[in-house]
Amino acid sequence: MAYQIVPLTAVHLDQVEEIEKICFDDPWSRKIFEESLAAESTAALAAQAEDGTISGYIFFTAILDEGGVDNIAVLPSARRQGVASALLEEFHSYGRAHGLTNLFLEVRPSNAGAAALYRKMGYKEVGRRKNYYLAPKEDAIIMKLELTPCT
């Protein structure tokens, strides 16, 4: 599957909403996506094919020297093809370029595939948030990646 990582804009939101509904039992609303795109501290990227089709996206926030993944999703048909890795690598590049030292994300313990990917990319478990997810109710594993500065 050929795609490129592009800045996510309001033009992409119809597709993003559909992916969100497919991937999550408790999806973000259109309003949350719009507010995130408007927030100064938030950035968003999409994996886009030549025909404009979106296969995945990431929203992340950077405050002071820390960054956090707010939302990441990849269509089931596009999983295990490097889309999530490419989105996360762009997040890491952004973090290095903007002087971030620590990146964080949360993952469900039941999402073994995502947790394995994050570990493979260098994230380490640093804690848990009790009953963080609501539908279905589940803890969140907090994971952290310490970035090395650009040289």
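Ala, Val, Leu, Ile, Met, Phe, Trp, Tyr, Cys and Pro count here as nonpolar, Asp, Glu, Lys and Arg as charged, and the others, Gly among them, as polar. Keep that in mind for the tour. The model on your screen is predicted.

Stop 1: Now colour the lining by type.

**Stop 2: two helices.** Select helix H1, residues 13-23, and helix H2, residues 30-38. Their axes lie 10 Å apart, and the packing angle is about 125°. An angle like that makes H1 oblique to H2. The crossing of the pair is right-handed. On the H1 side, show Leu 13, Asp 14, Val 16, Glu 17 and Glu 20. On the H2 side, show Arg 30, Phe 33, Glu 34 and Leu 37. These contact residues divide into four nonpolar, no polar and five charged.

**Stop 3: Leu 64.** Go to the loop between strand E3 (54-63) and E4, where Leu 64 is found. Check its backbone: phi is near 55°, a positive value in a residue other than glycine.

**Stop 4: Pro 136.** Move to the loop between E6 and strand E7 (137-146) to find Pro 136. Is the peptide bond from Ala 135 to Pro 136 cis or trans? That bond is cis, with omega near -10°.

Note on methods: Residues are numbered from 1 along each chain as its sequence is written. This is a predicted model: local features need pLDDT of at least 70, side-chain atom pairs count only at pLDDT 80 or more; totals for chains, interfaces and linings use all residues. Side-chain values use heavy atoms; hydrogens and water are left out. Axes are lines fitted to C-alpha atoms, for helices over the stretch in contact, and angles run from 0 to 180 degrees between N-to-C directions. Helices (H or I, at least four residues) and strands (E, at least two) are DSSP runs, numbered from the N terminus. Angles under 35 degrees count as roughly parallel, over 145 as roughly antiparallel, 65 to 115 as roughly perpendicular and the rest as oblique. A crossing is left-handed if the near helix is turned anticlockwise from the far one by less than a right angle, and right-handed if clockwise. Contact means heavy atoms within 4.5 Å.
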